[in-house]
Structures are given as structure tokens and as C-alpha cells.
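Hello,

Here is the structure for you to look through. Please open it first, then read my notes below.

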Amino acid sequence: MCPGSPKSAGGKTVCPTIYLADESESGPIGRKPLGQSASSPHCCSSPVNNREWPTTYSAVVSPYSIWPSPVVLLGSEKQGHGGCAVVNWTLFPNYFVGGEMFKNIWRHLKKDRKIQFGPLALAFKFERSVSVTRNKKAHFKYASVRHQDWINNRDETVRIELNEQMGNSSLTPAAGSELALIVGVGPGFGYALARKLAKEGIAVVLASRNAKRLDDLVSEIQSAGGFACAYGCDATSEASVVDLFTKVSATHGVPQLVVYSLQSFGPGTVMDIELPAFEEGWKHNCLGSFLVARSAARLMHRAGRGSIILVGSTSSILGRAGHLNLAVGKFGQRALAQVLARELWPAGVHVAHLLIDADIREDNTDDEAGTSSDPQQIAETVFTLHRQPKTAWSSEMDIRPWNEQFWEHC
């Protein structure tokens with residue numbers, strides 16, 4: 001059959017219409033349909049106007065009427081029956097092909113679509129798929145065994161002192177029974193926070209789309225006597241976040257600390273930014289924090305304790321030119337933290353917004369004279385927020401290097 005998915009009409013296979021575009025010219029070769037070759041079910045023949053076609057050319061195909069935009073294919077021809085050009089077609093994503101035409105095609109495909117079905121409507125759009133590490137049952141089972149062994153093997157003299165007078169938000173009597181979940185773990189701050197919490201005797205669960213890249217960090221923490229494991233999660237997907245919290249709580253227990261530290265930014269002015277790019281920034285900077293905080297709140301509210309810390313930036317309070325994609329989401333995340341604090345504090349759950357007004361180093365270089373922040377010291381601040389006494393909780397904290405100009409970063 002021809003490339004694309006054929007439709008059936010009266011029991012006969014109908015090939016979708018294909019139009020040629022000569023890549024050696026500035027524009028398409030009119031609207032010349034390409035018929036199906038009877039000699040080969042995988043090729044199409046094209047004696048259109050007896051034209052000598054180029055060796056390599058592209059075509060666009062609309063297999064369904066609901067597709068307002070075509071799919072991009074590349075074809076290479078060879079001599080066929082009757083002197084006709086026989087084309088072997090291969091489907092390519094448009095970003096492999098290049099050219100303004102294909103960019104426009106992809107831009108059009110990403111728009112929201114609706115198909116009416118009486119009082120209902122099917123809404124859909126095309127987007128690049130997101131690769132997320134699969135969390136197999138065996139992985140959770142193995143992590144559960146490792147976690148329990150780690151707790152059992154810890155020296156009983158190593159404990160977190162429970163000071164009821166201070167009213168720690170983390171009401172756990174022993175090291176090893178406390179659990180932290182970090183969503184969004186990257187070099188620099190994310191790695192430093194995981195190491196800090198593990199050093200304090202807290203079991204650490206790391207969540208990232210690509211959990212495999214965290215294997216070295218997990219091994220490092222395990223080798224140092226701590227506990228860590230990593231799971232795949234797309235923070236912008238409700239199903240993925242709910243599944244993560246359900247399995248983590250069943251495997252390791254309810255987290256006492258949840259930190260959301262994802263940030264996404266693509267520069268651009270309001271007039272230039274397209275809707276898919278705007279939505280992408282909002283999803284990572286706001287929607288993801290809502291999904292993670294909501295799942296954490298539901299567990300912690302029943303337990304009557306815990307800390308939820310949302311990590312923001314300068315764009316959480318300042319909308320600067322060219323930073324719309326970051327500011328809109330971070331403004332929303334800050335609002336979320338304020339609402340959650342008012343709703344959850346009375347239940348014993350500490351919610352705080354940490355605003356980092358600085359560049360964060362991603363290595364271990366000593367840059368005291370520079371204006372970047374040490375990720376280890378920021379991790380200390382997060383731990384301090386988690387350990388704040390109930391009578392002196394912070395709802396928001398902003399931090400920056402001593403020699404940094406205020407509100408100079410995004």
C-alpha cells in the first residue's frame with residue numbers, strides 16, 4: 001500500500017493523495033497527485049506530465065480528512081516498469097528534514113483540534129512524545145527490600161532527636177524511618193540536596209523522567225551508608241505523578257519531605273512565543289508543582305505532619321522582558337505555595353516557597369569571589385526549612401550570594 005494509513009471505500013483500498021515537492025526548487029511542484037504502483041505494494045509510480053523527477057524529493061500526505069496538515073515523507077526514485085519512476089518512501093519527523101515548509105507543517109500539527117460528536121467533542125493535538133523510565137514491579141520490590149535492610153542494619157545509637165518542645169515538622173523518632181522525595185534532580189542543586197538529606201540519615205527517593213541517569217548518584221549515596229533509589233516520572237502528567245506517589249507510599253512509606261525543583265525556560269517575547277512553547281513552560285513551572293504538591297498534601301494531611309517545599313526563582317515575583325515562559329509558571333507556583341500554606345499549616349503540614357535569586361553552580365569549584373551560589377549551601381537551607389520548629393515556620397524565603405545584586409537573575 002502507499003505510505004500512510006489507507007482508507008477503505010467499497011471494499012477497495014484507497015491510497016491517500018500524495019503531492020510532490022521538488023527540494024531542488026524553492027516551492028512545491030504544483031499539486032500533482034502520485035498514483036499507486038500495481039507492481040509493488042510498497043511503491044508509487046509517477047509519470048506525471050512526463051517530468052524528469054529529481055533523484056531525491058519529498059512529498060506530503062494526508063491520509064485522513066481530520067488531519068489538517070500533512071505528514072512529511074522523503075522518497076528516492078529508481079527506474080520502474082514502463083519507464084515510470086518508482087519511489088521508495090520513508091517517513092521522517094519534520095525536524096530531520098529541515099526547511100521552512102516542514103517547520104510550518106510541524107507548527108500546524110501542534111495546534112489543538114476538536115471533532116464534534118453531538119454534545120461531545122474529541123480534543124487532540126500532536127506533540128513530541130516524552131520518554132520516561134519504566135518503573136517495573138521488580139524494581140519496587142528490590143528497592144523495598146534494600147530500604148528495609150538499610151533500616152534494620154543501621155546502628156541503633158544513630159537517631160534523630162525528637163524535641164517536642166521545638167515541634168519539628170518531621171516527627172520521626174529514628175533515623176531511617178524518615179523519607180524524602182525530590183522531584184526534578186539535576187547536577188548541582190538536586191544532587192547536593194540528595195547528598196545532604198542522605199547524610200542526615202533520611203532515606204531519599206529521586207524522581208526524574210530519565211531515572212537511569214541517576215544510577216551513579218544512587219550508588220554514591222549507598223556506598224556512603226545512606227539509602228537512595230530513583231524512579232521514572234513525568235511531573236507534568238497527572239497519571240504519572242499519582243502512580244509515583246501511590247507506589248512510593250506503598251513501597252517506602254509516606255514521605256516526610258517533598259521538594260519540587262523543576263524549572264523550564266525558553267526565551268522569547270510575547271509577540272513571538274507560540275502557544276505550545278507557552279504551555280510547555282507553564283506545565284513544568286506550575287502544573288507539575290500543583291500535581292506533586294497535591295499528591296503530597298493528600299498523604300501528609302492524613303498523617304498530620306510533613307514538609308512541602310516548592311523551589312522558585314527571581315521570575316516568581318518579577319516579570320522581565322523576554323522571560324514570559326518562565327515568569328507565568330513561577331508566579332503560579334508561588335501562588336500555589338501561598339494557598340497551600342493557608343490550607344495545610346493548621347493540619348501540621350509545613351509548606352514553604354524557596355526563591356533562589358542566583359545562578360547555581362553545577363560543579364564543586366570554589367567561587368567565593370563570584371556571584372553564583374554553592375548548591376551545598378542551598379541544600380543546607382532546604383534542610384533547615386524542613387527542620388524549622390512549628391512556632392516559627394517560614395512560608396517564603398529568598399536567598400542569594402552576599403555580593404549579588406537583588407533580582408538580577410531569572
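Let's start with the inside. This is a predicted model, and its largest nonpolar core has 37 residues. Leu 181, Tyr 231, Phe 245 and Ile 308 touch the most other members of that core. Helix α7, residues 275-303, gives the most to this core: eight residues. In soluble globular proteins, nonpolar side chains tend to be buried together.

Now pick out Ile 308. Leaving aside residues up to four places away in sequence, its contacts include Val 258, Met 300 and Leu 344. Ile 308 also touches Ala 293, Ala 296 and Ala 297, as well as the run from Val 349 to Ala 352, that is Val 349, His 350, Val 351 and Ala 352.

Next, the largest pocket. It holds about 700 Å³ of space. Its lining is made of 32 residues. Which of them are the closest to its centre? They are Phe 189, Ser 261, Leu 262, Gln 263 and Ile 360. α4 (189-199), β12 (203-208), β15 (306-313) and β17 (359-360) each supply at least two lining residues. The largest share, three residues, comes from β15.

Last, helix α9. It covers residues 375-386, 12 residues in total. From first C-alpha to last it reaches 17 Å, close to the expected 16 Å. Asp 374 caps its N-terminal end. There, a side-chain oxygen of Asp 374 lies 2.9 Å from the backbone nitrogen of Gln 376. The buried residues of α9 include Pro 375, Ile 378, Val 382, Phe 383 and His 386.

Best wishes

Note on methods
Residues are numbered from 1 along each chain as its sequence is written. This is a predicted model: local features need pLDDT of at least 70, side-chain atom pairs count only at pLDDT 80 or more; totals for chains, interfaces and linings use all residues. Side-chain values use heavy atoms; hydrogens and water are left out. Helices (H or I, at least four residues) and strands (E, at least two) are DSSP runs, numbered from the N terminus. The expected span of a helix is 1.5 Å times one less than its number of residues. Buried means under 20% relative accessible area, exposed over 50%, partly exposed in between (1.4 Å probe, protein chains only). A polar contact is a pair of N or O atoms within 3.5 Å; within protein, one must be able to donate a hydrogen and the other to accept it, and residues adjacent in sequence count only if both atoms are side-chain atoms. A nonpolar core is a set of buried Ala, Val, Leu, Ile, Met, Phe, Trp, Tyr and Cys residues joined through side-chain atoms within 4.5 Å. Contact means heavy atoms within 4.5 Å. On a 1 Å grid over the protein atoms alone, a cavity is a set of points where a 1.4 Å probe fits but cannot get out, and a pocket is an open set with protein on both sides within 12 Å along at least five of seven lines; lining residues have an atom within 4 Å of a point. Grid points are joined across faces, edges and corners, and a volume is the space filled by probe spheres set on the points.
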